[in-house]
Amino acid sequence: LLTTAIGAGIPIIFAPAMHASMYEHPIVLENIRKLESIGVKVLMPRMEEGKAKIPGTEEIDQSVVDKLTVERDFEGMKVVVTGGPCREYLDGFRYISNPSSGKMGAAIAEAALDRGAEVTLVFGPGTAVPPSGANVVKVETTEEMLDAVVESLKDGDKDVAILSAAAADYKPTDRKMVKTPSGMDRWTVDLKPLPKIIERVKKVDPKVFLVGFKAEYDLTEKELLRRATKRMGEAEMDLIVANDVSKDRVGFGTDTNEVFIIERGGEVTHVPLKSKREVADVLLTKVKEKMSG
């Protein structure tokens with residue numbers, strides 16, 4: 001790791017290029033957490049074609065600017081963020097899930113911390129490294145994530161809830177704690193719908209500022225905005241973030257994202273392809289503007 005002192009002793013470290021699997025090693029992850037715990041900003045590599053590549057110049061420059069200029073406009077606020085995928089088990093150990101890495105949720109949590117917030121991150125089994133300053137609640141299933149979100153909101157002391165996790169929509173109606181035999185001609189699984197986490201938020205705490213995410217696949221921009229706006233109204237959200245994960249470098253597992261931030265009044269902010277940290281900062285700025293207004 002290369003260390004650079006920026007300005008008045010603000011350290012930023014960026015990780016070198018090497019095989020992506022090395023960033024999954026527990027010792028590497030533990031060392032990263034130790035660095036973050038003493039205030040060091042760690043820029044994780046870009047994962048491309050199974051290799052970890054040094055972050056681009058633009059991302060490094062932006063991180064330096066953020067460290068030197070970020071406004072602590074969330075000072076004294078409490079924020080709940082969800083991130084990562086969920087798993088729903090079919091038998092003793094097989095499960096259905098999705099490709100979410102949790103990078104968007106981790107980026108939002110990190111941005112909120114940098115801006116002075118106290119952050120609770122309810123995190124599914126993603127590959128992203130949660131920021132060390134957050135209170136991380138690790139979960140695995142959608143129902144566990146729901147319980148953790150409700151628990152974090154029940155005291156009514158949270159200001160913002162941002163639900164960016166890719167929770168599962170369905171789970172098997174019957175899970176047998178065995179290994180289903182291989183070699184069968186067919187394995188038919190009956191699924192039932194799971195509760196929608198975001199629909200519980202305002203029921204638990206009507207005052208919390210609620211932000212949801214809506215991922216769609218291969219839609220026109222008009223249809224993407226229509227579906228997201230409809231969903232925002234159904235779940236009483238204050239803002240919704242919509243994206244089309246069929247696009248290159250957008251959504252699951254990527255370091256970048258392109259989103260539309262939709263407000264209750266119908267106003268739409270398009271955030272073109274940027275790093276997920278940059279998207280997180282744009283989102284938090286919009287949240288603060290709406291709360292102040």
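These legends describe close-up views of a predicted model.

**View 1. Confidence along the chain.** Mean pLDDT for the chain is 89. A score of at least 70 is reached by 89% of the residues. Over residues 1-9, pLDDT stays under 50. For that stretch the model has 17 contacts beyond four places in sequence.

**View 2. The open sheet of 8 strands.** Strand order is E11-E10-E7-E12-E15-E16-E17-E18, and the pairing is mixed. E11 (135-138) and E18 (268-275) each have a single partner strand, so one side of each lacks a neighbour in the sheet. From one strand to the next, the twist averages 15°.

**View 3. The E7 and E10 pair, with helix H4.** Strands E7 (residues 78-83) and E10 (residues 118-123) run parallel, joined by 6 bridges. Gly 83 sits opposite Phe 123 of E10. Helix H4 (residues 142-153) packs on the sheet and touches E7, E10 and E11. The directions of H4 and E7 make about 175°.

**View 4. Helix H7 on the sheet.** H7 (residues 276-292) lies across E12 (160-163), E15 (209-216), E16 (239-244), E17 (256-263) and E18. Its direction runs at about 155° to E18.

**View 5. The largest nonpolar core.** This core holds 32 residues. Those touching the most other members are Phe 74, Val 119, Val 160, Ile 162, Val 211, Leu 283 and Val 287. Helix H3 (103-114) is among the elements that give two or more residues. H3 supplies the largest share, 8 residues. Beyond four places in sequence, the contacts of Phe 74 include Val 79, Ala 112, Val 160, Leu 284 and Val 287.

**View 6. A second, separate core.** It has 28 residues, including Val 139, Ile 197, Ala 235 and Met 237.

Technical notes. Residues numbered from 1 in each chain as written. Predicted model: local features only at pLDDT ≥ 70, side-chain atom pairs only at ≥ 80, totals over all residues. Heavy atoms only, no water. Pairing = 2+ DSSP bridges. Helix = DSSP H or I, 4+ residues; strand = E, 2+ residues; numbered from the N terminus. Axes fitted to C-alpha atoms, helices over the stretch in contact; angles between N-to-C directions. Contact = heavy atoms within 4.5 Å. pLDDT = per-residue confidence, 0-100. Core = buried A, V, L, I, M, F, W, Y, C linked by side-chain atoms within 4.5 Å. Buried < 20%, exposed > 50% of the residue type's maximum accessible area, 1.4 Å probe, protein only.
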